[in-house]
Amino acid sequence: MKFFIDTANLAQIKEANDLGILDGVTTNPSLMAKEGIKGTEAINNHYKTICEMVDGDISAEVLSTTFNEIVEEGKKLAAIHPNIIVKVPMIKEGIKAIKWFTDNGIKTNCTLVFSAGQAILAAKAGATYVSPFIGRIDDSGWDGVQLIAQIANIYSIQGFKTEVLAASIRNPNHIIQCAEAGADVCTCPLEPILGLLKHPLTDIGLAKFLDDAKKM
Ligand code: E4P
């Protein structure tokens, strides 16, 4: 399973990248706004900086909602760097645009996916990635991990090449459950990634070893 970090914060991207386990970055308009990135030039420069920091797939989200505008915006985003993945919302015009991008050699991430039916459409359009938002599904009283398993199973049965990118991860257990459910990628904030490191018995065991080492 690939690990992407879900942030536009450069310090956090660097910290995750320095671990040596990072395969890419996802951003969205909310994450860019949180970092105070405003205006097309600043946004594009920020994507370029991220691409230069991380050797992997970097999702850049379109802000348009009509086919022609999504295509024009996506072409400009894709021109920023060869590793840019154009992130397109799961709407009718978005599916049409994903098919256009697929036919024209531009990689895509279909975002805001909350059902297996939406994931089938994204795969049919040739999306490189499909992003089911499991945390938001859990927040609504449904089971996000179950959706990952369902989509992974459908893609396997049908032979779809689209990769299942588990998004909206809230905690380390989500990452483990998504790995078990067959996700190809999980994208998560830095905290759940670092949370995977933690176990109290590791801390206790290391303290004892270091203490005993003084007696060696
Ligand atoms: C990733 O592509 C999504 O934008 C992100 O995971 C959404 O996460 P959230 O539900 O925590 O905002």
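How do the residues of the shell around the ligand divide into nonpolar, polar and charged? Two are nonpolar, three are polar and four are charged. On the classes: Ala, Val, Leu, Ile, Met, Phe, Trp, Tyr, Cys and Pro count as nonpolar, Asp, Glu, Lys and Arg as charged, and the others, Gly among them, as polar.

Ground rules next. This is a predicted model, where local features need pLDDT of at least 70 and side-chain atom pairs count only at pLDDT 80 or more, while totals for chains, interfaces and linings use all residues. Residues are numbered from 1 along each chain as its sequence is written, and side-chain values use heavy atoms, with hydrogens and water left out.

Back to the ligand. Around the ligand sit Asp6, Thr26, Asn28, Lys87, Phe133, Arg136, Ala167, Ser168 and Arg170. To be listed, a residue needs a heavy atom within 4 Å of the molecule.

Now the polar contacts. The term means a pair of N or O atoms within 3.5 Å; within protein, one must be able to donate a hydrogen and the other to accept it, and residues adjacent in sequence count only if both atoms are side-chain atoms. Take asparagine 28. An N or O atom in its side chain is 2.6 Å from an oxygen atom of the ligand. Serine 168 also places a polar side-chain atom 2.6 Å from an oxygen atom of the ligand. For arginine 170, the distance from a side-chain N or O atom to a ligand oxygen is 2.7 Å. Taken alone, the ligand exposes 350 Å², and the protein buries 85% of that. Those areas come from the Shrake-Rupley method with a 1.4 Å probe; for residues, only the protein chains shown count as cover.

Stay with serine 168. Where is serine 168? It is in the loop between strand 7 (163-166) and helix 9 (172-181). Helices (H or I, at least four residues) and strands (E, at least two) are DSSP runs, numbered from the N terminus. Serine 168 is buried, at 9% relative accessible area. Buried means under 20%, exposed over 50%, and partly exposed in between, with a 1.4 Å probe and protein chains only. Its phi is positive, about 60°, although serine 168 is not a glycine. Most residues other than glycine have a negative phi.

Leucine 112 is another non-glycine with a positive phi, near 60°. Leucine 112 belongs to strand 5 (residues 108-113). Buried or exposed, or in between? Leucine 112 counts as partly exposed, at 34% relative accessibility.

On to helix 1, residues 10-18. At its start, a side-chain oxygen of asparagine 9 comes within 3.1 Å of the backbone nitrogen of alanine 11. After helix 1 comes glycine 20, with a positive phi near 85°.

For cysteine 178, the nearest cysteine sulfur is that of cysteine 186, 6.7 Å away. Cysteine 178 is buried, at 0% relative accessibility. Cysteine 188 is buried as well, at 0%.

Next, aromatics. Rings of Phe, Tyr and Trp (its six-membered ring) pair if their centres lie within 6.5 Å; planes under 30 degrees apart count as stacked, over 60 as edge-to-face and the rest as tilted. That rule gives four aromatic pairs. One of them joins tryptophan 100 and phenylalanine 101, edge-to-face, at 5.7 Å centre to centre and 80° between the planes. Tryptophan 100 is partly exposed at 27%, while phenylalanine 101 is buried at 0%. Tyrosine 155 and phenylalanine 160 also pair edge-to-face, with 5.5 Å between centres and 80° between planes. Here tyrosine 155 is buried at 5%, and phenylalanine 160 is partly exposed at 22%.

Last, two distances. Isoleucine 58 is in strand 3 (residues 57-61) and is buried at 0% relative accessible area. Isoleucine 58 and proline 82 are 24 residues apart in sequence, and their C-alpha atoms are 9.4 Å apart. Glutamine 146 is in helix 8 (residues 144-158) and is partly exposed at 47%. Between glutamine 146 and glutamate 73, 73 residues apart along the chain, the C-alpha separation is 34 Å.

Note on methods:
A disulfide is a pair of cysteine sulfur atoms within 2.5 Å.
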